[in-house]
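Here's a short tour for anyone meeting this protein for the first time. Have a look at the model, then read on.

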Amino acid sequence: MTDKDFFTIATEHFTIEGRSRAGHETYLRVRELGVVLDIGRCPDMAIGMPHIFITHGHLDHALGIPFYAGQRHLQRIPGGRVFVPSETAGDFRALMALHQKIEDTDYDIEIVGVAEGEVIALGKAHDARGHRATQRVAARAYELLEVRHRLRPEFAGRDDIADLRRRGADVVEEYRQPLLFYTGDTDRGILESNDALYKAEVLIIECSFIADGDQDRAARYRHIHFDDIAEFSDRFENGLIVLTHFSRRYSRVDIQNEVRRRCPAAIRDRLRLALPEPFQRL
Ligand SMILES: [Zn+2]
């Protein structure tokens with residue numbers, strides 16, 4: 001692959017692959033979870049993934065939806081769910097209907113609207129939850145959670161668990177571990193109002209602007225400036241924080257140098273830049 005923005009970032013439990021540059025293209029794939037976060041222009045690596053999460057309708061994030069549908073049809077891959085902000089679901093369905101008419105074919109994928117706070121089951125092992133993301137168009141952030149089981153606290157320390165279980169006692173409870181939070185395009189409001197993003201094992205957060213003098217631009221276009229992230233640095237409990245969606249006004253080496261210079265100690269070791277090596281770490 002000759003794409004100079006393509007990156008791969010290994011986290012404790014999964015790997016994030018993709019590219020993300022503001023206004024140009026954003027897609028992220030987590031193969032272990034079967035998900036793509038924004039689809040960009042639809043890279044080949046997205047086609048086999050069953051779950052696509054679209055944060056908002058801008059073309060650099062969402063253009064690839066029809067190609068995803070068409071390629072899955074061609075390759076006879078059944079299903080495929082494309083999650084979009086609920087406000088946009090009708091329009092995306094209408095768009096897909098037009099593509100089907102033009103191609104005289106029937107796609108198998110489903111467009112699924114996700115409202116703020118809505119929880120969607122992704123098979124038995126994972127859930128996704130939609131979150132509020134402020135933007136100039138309808139936008140959603142997404143949280144991915146793993147369904148896990150643990151001994152109910154009232155049975156802790158007992159040595160007759162197997163026996164209890166045999167007799168039909170309900171000794172195990174289900175809980176949800178937040179694995180990943182993806183903000184999509186948004187502004188500092190999400191840092192002010194959302195607690196869940198600070199708790200996920202991995203946070204993928206947009207950081208379109210980093211340089212001095214661009215703070216106003218970030219506010220005007222409703223994006224996040226690195227100063228916003230630095231201001232909240234004491235709150236991040238995440239194991240890893242991945243910055244994405246850098247403006248193309250900055251070169252890769254500029255981004256690395258500028259973030260390195262401005263980054264508070266509290267998050268320095270956990271921060272990764274969504275850029276290829278050797279630009280990922282501070
Ligand atoms: Zn964008």
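This is a predicted model: local features need pLDDT of at least 70, side-chain atom pairs count only at pLDDT 80 or more; totals for chains, interfaces and linings use all residues.

Residues are numbered from 1 along each chain as its sequence is written, and side-chain values use heavy atoms, with hydrogens and water left out.

## The chain as a whole

The protein chain comes to 9 helices and 14 strands. Both kinds of element are DSSP runs numbered from the N terminus: helices are H or I with at least four residues, strands are E with at least two. With 282 residues, a compact globule would have a radius of gyration near 19 Å, and the 20 Å of the protein chain agrees with that. That radius is taken over C-alpha atoms, and the globule rule is 2.2 Å times the number of residues to the power 0.38. Along its principal axes, the C-alpha trace spans about 65 × 55 × 35 Å.

Buried residues make up 55% of the 282 residues. Take the contacts (heavy atoms within 4.5 Å) between residues at least 6 apart in sequence: 56% of them join residues at least 24 apart.

## Around β13

Back to that covered strand. Leu240, Val242 and Thr244 sit on one side of β13, Ile241 and Leu243 on the other, and all are buried.

β13 has parallel partners to look at. Strand β12 (residues 202-206) is joined to β13 by 5 bridges, with glutamate 206 standing opposite threonine 244. Strand β14 (residues 271-273) pairs with β13 over 3 bridges, also in the parallel sense, and there leucine 243 has leucine 273 as its bridge partner. Two strands count as paired if DSSP finds at least two bridges between them. In the segment after β14 you'll find proline 278, which a cis peptide bond joins to glutamate 277, with omega about 10°.

## Around β3

Strand β3 (residues 25-30) has 6 of its 6 residues buried, so it is largely enclosed by the rest of the structure. Glu25, Tyr27 and Arg29 point one way, while Thr26, Leu28 and Val30 point the other way.

Antiparallel pairing is the theme here. Strand β2 (residues 15-21) is joined to β3 by 5 bridges, and arginine 21 has glutamate 25 as its bridge partner. Their hairpin has 3 residues between the strands, and glycine 23 takes a positive phi near 75° in it. Strand β4 (residues 35-39) pairs with β3 over 4 bridges, with valine 30 opposite valine 35. That hairpin has 4 residues between the strands, and its glycine 34 has a positive phi near 70°.

## Two residues with a positive phi

Most residues other than glycine have a negative phi. Cysteine 42, in the loop between β4 and β5 (51-53), has a positive phi near 75°. Is it buried or exposed? Cysteine 42 is buried, with a relative accessible area of 7%.

Aspartate 104 has a positive phi of about 50° and lies in the loop between α3 (89-103) and β7 (110-114). Aspartate 104 counts as exposed, at 71% relative accessibility.

Technical notes. Buried means under 20% relative accessible area, exposed over 50%, partly exposed in between (1.4 Å probe, protein chains only).
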